[in-house]
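Please look through the sequence and the structure below before reading on.

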Amino acid sequence: DQVRAALAVPVVGVVPPIKPAAALTKSGAIGLLATPATVRRPYTDDLIAQFAADKRVVRFGSAALVEAAEQKLRGERPAPAAITEAIDGLFGAPGGGGIDVVALACTHFPLLAEELAAAAPAHVTWLDSGAAIARRVANVLIADAGQARVNRAGFTDPNAARALFPAFHKRGFKGFAAIGEAPEFNVTDLHS
């Protein structure tokens, strides 16, 4: 809400997939794998109360998993200790043995879904918000007539921006920007 209030452009939020996890679980036990901040956030408590009040939600927060995902993005092997810590912390917690659905509540974590699934002690369904986020972004960006509502796109990878911009341009986008790595988030115009 604070970001939306501060910006004049649409902001698409990322919501932990607790609602679909609650609908899918057969055991009634859901794993929530997130960053430590998300695990503690009152917003997460509210989502659980609203959509999974009758379920056991086992939470585990991992900062190491964020770094492991970034290692994988750089083409490196993700730290096995981070995967082990997350799996042990989630499935080894009280009630963790019954988990049959895990909600990946960090945008980084789907990058490690393969590694997490391979390390899990049992077959579970791994959920993330990626498809829902993509649908919402498409809804925000494209008006009913198929014309772009927003005519500027931001990319975190300048090479991807150059490669993808022609497709965006055909859909009415006038320019794109590359957004630098954290913590600066420098915006550099590449095309206008």
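## A residue in a loop

Where is the place of Ser62? In this predicted model, Ser62 belongs to the loop that runs between β2 (56-61) and α5 (64-73). Ser62 counts as buried because its relative accessibility is 1%, and buried means under 20%.

Apart from neighbours within four places in sequence, the residues in contact with Ser62 are Ala34, Thr35, Pro36, Glu85 and Phe109. A polar atom of the Ser62 side chain also lies 3.5 Å from the backbone nitrogen of Ala64.

## The chain as a whole

The protein chain has nine helices and seven strands, and 34% of its 192 residues count as buried. Among the contacts in the chain with a separation of 6 or more, 61% are between residues 24 or more positions apart. The chain exposes about 11300 Å², of which carbon and sulfur atoms supply 55%.

The chain has an average pLDDT of 83, and 75% of the residues score at least 70. Confidence is highest in β2, at 97, and lowest in strand β7 (residues 187-191), where the mean is 43. Over residues 182-192 the pLDDT stays under 50, although the model has 25 contacts beyond four places in sequence for these residues. Where pLDDT is low, the predicted coordinates should not be read in detail.

Technical notes:
Residues are numbered from 1 along each chain as its sequence is written. This is a predicted model: local features need pLDDT of at least 70, side-chain atom pairs count only at pLDDT 80 or more; totals for chains, interfaces and linings use all residues. Side-chain values use heavy atoms; hydrogens and water are left out. Helices (H or I, at least four residues) and strands (E, at least two) are DSSP runs, numbered from the N terminus. Buried means under 20% relative accessible area, exposed over 50%, partly exposed in between (1.4 Å probe, protein chains only). A polar contact is a pair of N or O atoms within 3.5 Å; within protein, one must be able to donate a hydrogen and the other to accept it, and residues adjacent in sequence count only if both atoms are side-chain atoms. Contact means heavy atoms within 4.5 Å. pLDDT is the predictor's confidence in each residue, from 0 to 100. Accessible areas come from the Shrake-Rupley method with a 1.4 Å probe; for residues, only the protein chains shown count as cover.
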